[in-house]
Amino acid sequence: MADRVLITTDDLEQAVRVNASLEQAGFDTAMVSSLDDVRQSVRGRQPDAIILTGGLHESTAQRPGAAAREHAVSTLGLVEATDEDPDQIGRDLGLTDWLVKPADPAEVTATVRRLIEQRRLQQRTGILGESAAIQEVLVKIEQMAPVTSTVLIEGESGTGKELVARAIHDLSPRRGKAFIAVNCAALPETLLESELFGHEKGAFTGAAERRLGRFELANGGTIFLDEVGEMAPPTQVKLLRVLEDRSFFRVGGIQPIQVDVRVIAASNKSLKEAVALGTFRDDLFYRLNVLSVYLPPLRERRSDIPLLVRTFIAQFAKQHDRDFRGITPEALQLIVDADWPGNVRQLKNLIESMVVLAPEGEIRSRDIPPDIREGSRGLPVRIETGRAVAGKELEFIFRTLVELKLQIEELRRRFEERPSERVEVIEVGPRDSRLGTRVLEASPDPLTPSPELLDRVIYKAGMSMSDVERAAIDAALRETHGNRRKAAETLGIGERTLYRKLKEYAID
């Protein structure tokens with residue numbers, strides 16, 4: 001069946017030339033005026049592409065553009081050579097692509113064919129978007145699918161890494177064979193090796209029979225290793241051997257097993273940084289990173305959000321058998337402006353909940369949760385500790401930074417509460433003739449020790465600031481008879497800070 005193309009007649013001369021070229025190339029074409037009921041024409045003919053030949057600055061151009069977006073049809077606009085910003089015109093009308101007039105009919109035909117093929121690829125893979133970043137991903141999928149090289153997919157959680165892996169498999173010569181997905185972060189180190197490579201009977205306690213691993217099950221097909229960065233070093237070594245020799249040993253086995261498997265790996269963290277931190281093998285990284293795909297977060301391709309929203313609304317309205325009209329422009333703008341730390345997965349789940357719960361069969365601004373509507377970023381922070389020492393060091397650094405941030409905020413709060421007071425540093429006072437030393441003078445700021453306390457802190461020539469600080473802590477503890485909470489209050493510091501200083505200066 002020939003692909004159907006709808007051509008507007010705003011520029012009749014251009015429309016006639018393009019129509020003749022498309023018909024000669026085997027397309028089923030129809031010409032329609034923008035003043036007619038374009039929505040009805042789109043609904044009736046169900047075209048695979050629409051060409052807007054002119055009048056892109058007129059309000060009538062909005063009609064075919066809106067109809068195309070509603071029915072997920074690719075749209076090609078022909079812009080004037082005098083237009084200063086064709087990209088902005090494309091964004092305003094939701095064009096899939098544009099060409100400058102006078103456009104060569106052969107080029108228009110080739111572009112239309114490419115847009116139709118890309119749209120079908122999106123429908124087949126489920127990877128939606130008209131942004132340049134997503135179009136680049138689709139091109140890479142087509143380039144990578146026919147070969148057998150290892151692929152590394154990187155991107156934040158929820159960006160669709162498994163969709164890309166499945167698309168590469170489905171478009172490859174291996175599509176008739178198994179696609180096996182393994183989440184490396186979901187299994188403990190002791191089980192992951194057995195899960196990947198299998199085990200022999202009696203290999204360990206509970207191994208009552210031989211079990212085939214995921215690599216054997218994927219033989220002839222594709223194995224997808226999700227969150228490969230979480231793999232323990234010993235398992236990394238065995239994976240490296242599989243990539244190099246296409247062979248491995250089952251746990252407890254002595255016979256090598258040969259497999260023909262394409263490996264696609266994914267990570268929500270930068271493996272290059274993991275290599276620098278020493279938590280991931282560099283030789284394994286180079287083996288995995290033969291071909292690479294980067295999936296941008298949703299906040300970096302906001303222009304795709306309206307298409308995703310409309311697609312998800314239609315999908316869930318059909319799934320839950322709801323007569324759903326859509327979403328208001330105000331609500332859609334709120335969704336476009338949100339941060340989406342959970343990316344497409346978070347957006348999809350939100351749309352499903354609103355389709356089910358929206359009381360009026362339409363998503364309105366008030367139906368959007370407050371954290372999305374108000375632009376809140378207050379998601380909980382997850383601290384992930386690695387299996388290696390480096391992970392614990394990173395956790396310590398993170399906790400220290402959080403503690404420092406809290407202390408700075410407390411300082412700022414105190415300064416704001418006392419705007420009239422001048423903050424001074426502790427200065428060395430006049431020499432006390434009786435002691436032959438200098439006495440520290442106190443600042444009026446509440447963060448510094450009290451004058452009574454400082455009268456007992458004696459500065460001696462050659463003392464460092466650490467020595468002075470230790471002397472102040474000793475004096476505070478003596479004054480409060482060892483009560484650390486009161487000593488912290490006297491010093492004007494947090495109790496946690498005091499405990500850290502006690503440990504640092506080995507004060508009992």
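Residues are numbered from 1 along each chain as its sequence is written, and side-chain values use heavy atoms, with hydrogens and water left out. Because the model is predicted, local features need pLDDT of at least 70 and side-chain atom pairs count only at pLDDT 80 or more, while totals for chains, interfaces and linings use all residues.

**Stop 1: helix H15**

Select residues 343–357, helix H15. Helices (H or I, at least four residues) and strands (E, at least two) are DSSP runs, numbered from the N terminus. The expected span of a helix is 1.5 Å times one less than its number of residues. For the 15 residues of H15 that gives 21 Å, and the end C-alpha atoms are 21 Å apart, which agrees.

Now colour Asn343, Val344, Leu347, Leu350, Ile351, Met354 and Val355, the buried residues of H15. Buried means under 20% relative accessible area, exposed over 50%, partly exposed in between (1.4 Å probe, protein chains only). These residues cover an arc of only 135° around the axis, so they sit on the same side of H15. The arc is that of the directions from the helix axis to the C-beta atoms. An α-helix has 3.6 residues a turn, so residues three or four places apart point the same way.

What covers that side? Show contacts, meaning heavy atoms within 4.5 Å. The cover includes helix H13 (305–319), helix H14 (329–337), strand E16 (362–363) and helix H16 (370–373).

**Stop 2: Glu362 and Arg325**

Stay with E16 and select Glu362, which lies in that strand. Its side chain meets that of Arg325 in a salt bridge (3.8 Å, N to O). Arg325 is in the loop between H13 and strand E15 (326–327), so the pair ties together parts 37 residues apart in sequence. Glu362 is buried at 16% relative accessibility; Arg325 is exposed at 55%.

A salt bridge here is a side-chain nitrogen of Lys or Arg within 4 Å of a carboxyl oxygen of Asp or Glu. By this rule there are 25 salt bridges.

**Stop 3: Arg174 and Asp260**

Select this pair next: their side chains form a salt bridge at 2.9 Å, N to O. Arg174 lies in the loop between helix H7 (161–170) and strand E7 (179–183), and Asp260 in the loop between strand E12 (257–258) and strand E13 (262–267), so parts 86 residues apart in sequence are tied together. Arg174 is buried, at 11%. Asp260 is partly exposed, at 43%.

**Stop 4: Arg114 and Asp97**

Finish with the salt bridge of Arg114 and Asp97, whose closest N and O atoms are 2.7 Å apart. Arg114 is in helix H5 (residues 105–125) and Asp97 in strand E5 (residues 97–100).
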